Amino acid sequence: MKSLIPFKTLQKQLYLPICLLSIIPSISQAEQNTIAKSSSTQAVNEQSVGTDEQHTPFADWVDESHKSLTETVHNIGEYLDESLAKDEDEDESDLVNRSYLRIRNRSIYSYRGKLDNEFKVYFKLDLPHVKRDWKLIIDSEPSDFDSLESKQRGITTGSKNTSGDTVGAFRLQDAHFGNWHSDFDIGIKLKLPLDPFTKVRLTRVDPISENWTSQIEQQFFYYHSKGLGSLSKLSGYYALNPEESKIFKTTTSAQYLKEDDKWELLQQFELFHRYNDKILFEYSTGVSADTGENKEITNYWVSASWNKRIYKHWLYLGVRPQLEFPREYNYHPNPGVMIELEMFFSKNRKIDRLGRYIPKPTMPESQD
């Protein structure tokens, strides 16, 4: 059996998340107490973060820091957009810049594995003045060549990407080809030697019955340094209640990477339960396999996730205990837990990190 991780190493890696978790809930509680004290001034209290007696200096600093970075993200988006495509006599009334920044930190610890920590920054610059809905994307760690299981489960599993593999790309978003939606990216990896790439994503959503909806997704991506890759997914959504706060989802997916020269296969079942506007529960079970030399199952798993909006509409916490039976450990049980913190910075974009929805059909009902 592989030796366990020393306690000092675990303590060091989780020090920052634990500190944040110990501070933010007190701020959130102070905010709730403030709102409860004076319902007649609810609109004002929603902007406050604490009472005069509790946490006011720190809460003010948190809000001012968030506001400052949000303004910076927005100003960068507006400056680039107007520099690239704005006409002097153009009407701006319907053009709103929805640029945003997402910062995410994941820490995962498993009994038989190692402690992994992933810090990722995703920067999306909106360009409303640019014709045909082009977007500028900056991603600090693109996941195109991650394992299929890592993509589908949203976990850290020893990504093939290394720190610093930031990419910049222009995206043609929501173009239509018949009953299909498409996104098209063209860009370059911002690391010497420069690595140009292109990606295309096609999706189609069709209602099957009153409660069932299907979604087909096909991706192709090509990097000069790594070659071609493809990802195919077939998903089914089932509404368990009229409000669609409980949704069952089944996904069958396959991925091929030229550099590995094998197919990865995955079957996953998920249940989403939106408990309220601040809490989301997720349950998942599935199996993965590949067509390498062994041609066998690579992992079985079951997991449950608790996700909470812990401060206003920009700071989220997720805790996911899980039990796996991976091939690399001879299918012996490997319990673990993942802790995730996410922060969002956007002036105009409405972000609901906990939202789980049944996708809308990509074709008019009259063509059904």
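# Notebook: a look through the predicted chain

**Surface and overall make-up.** I started with the accessible surface of the protein chain, which comes to about 20,200 Å², with 56% of it belonging to carbon and sulfur atoms. Accessible areas here come from the Shrake-Rupley method with a 1.4 Å probe, and for residues only the protein chains shown count as cover.

Residues are numbered from 1 along each chain as its sequence is written, and side-chain values use heavy atoms, with hydrogens and water left out.

Next I looked up the secondary structure, and the protein chain has five helices and 14 strands. Helices (H or I, at least four residues) and strands (E, at least two) are DSSP runs, numbered from the N terminus. Of the 368 residues of the protein chain, 45% count as buried. Buried means under 20% relative accessible area, exposed over 50%, and partly exposed in between (1.4 Å probe, protein chains only). I also checked contacts (heavy atoms within 4.5 Å). Among those in the protein chain with a separation of 6 or more, 52% are between residues 24 or more positions apart.

**Salt bridges.** How many salt bridges does a search of the whole structure find? I got 23, counting a side-chain nitrogen of Lys or Arg within 4 Å of a carboxyl oxygen of Asp or Glu.

I went to glutamate 71 and lysine 347, which form a salt bridge with their closest N and O atoms 3.9 Å apart. This pair links distant parts of the chain, with glutamate 71 in helix 4 (residues 56–85) and lysine 347 in the segment after strand 14 (334–345), 276 residues apart. Both ends are partly exposed: glutamate 71 has a relative accessible area of 27%, and lysine 347 has 45%.

Glutamate 217 counts as buried at 7% relative accessibility, whereas arginine 201 is partly exposed at 30%.

Glutamate 217 also forms a salt bridge with lysine 233, where the closest N and O atoms are 3.6 Å apart. Here strand 7 is linked to strand 8 (residues 227–239), which holds lysine 233, again across 16 residues. Is lysine 233 buried or exposed? I found lysine 233 buried, as is glutamate 217.

I also noted a network of salt bridges that links Arg104, Arg106, Glu118, Glu340, Glu342 and Arg353.

**Back in strand 6.** Aspartate 206 sits in strand 6 and is buried, with a relative accessible area of 13%. The side chain of aspartate 206 makes a polar contact with the side chain of arginine 204 at 2.9 Å. The term covers a pair of N or O atoms within 3.5 Å; within protein, one must be able to donate a hydrogen and the other to accept it, and residues adjacent in sequence count only if both atoms are side-chain atoms.

**Aromatic pairs.** I counted 14 aromatic pairs in the structure. Rings of Phe, Tyr and Trp (its six-membered ring) pair if their centres lie within 6.5 Å; planes under 30 degrees apart count as stacked, over 60 as edge-to-face and the rest as tilted.

Phenylalanine 248 and phenylalanine 269 make a stacked pair, 6.3 Å centre to centre with 15 degrees between the planes. Phenylalanine 248 is in strand 9 (residues 246–257) and phenylalanine 269 in strand 10 (residues 262–274), so the pair ties together parts 21 residues apart in sequence. Phenylalanine 248 counts as partly exposed at 26% relative accessibility, and phenylalanine 269 does too at 37%.

Tyrosine 256 and tryptophan 263 are a tilted pair, because their ring centres are 5.3 Å apart and their planes stand at 40 degrees. Tyrosine 256 counts as buried at 19% relative accessibility, while tryptophan 263 counts as partly exposed at 38%. I also jotted down one aromatic cluster, formed by Phe145, Phe197, Phe221 and Tyr223.

**Nonpolar patch.** Last stop: Leu84, Phe170, Phe184 and Ile186 form a nonpolar patch on the surface, with about 360 Å² of accessible area together. Patches are made of residues with over 30% relative accessible area and no salt bridge; like charges are joined within 9 Å, nonpolar side chains (Val, Leu, Ile, Met, Phe, Trp, Tyr) within 5 Å. I placed phenylalanine 170 in strand 4 (residues 167–177), and at 34% relative accessibility phenylalanine 170 counts as partly exposed.

Conventions: Predicted model: local features only at pLDDT ≥ 70, side-chain atom pairs only at ≥ 80, totals over all residues.
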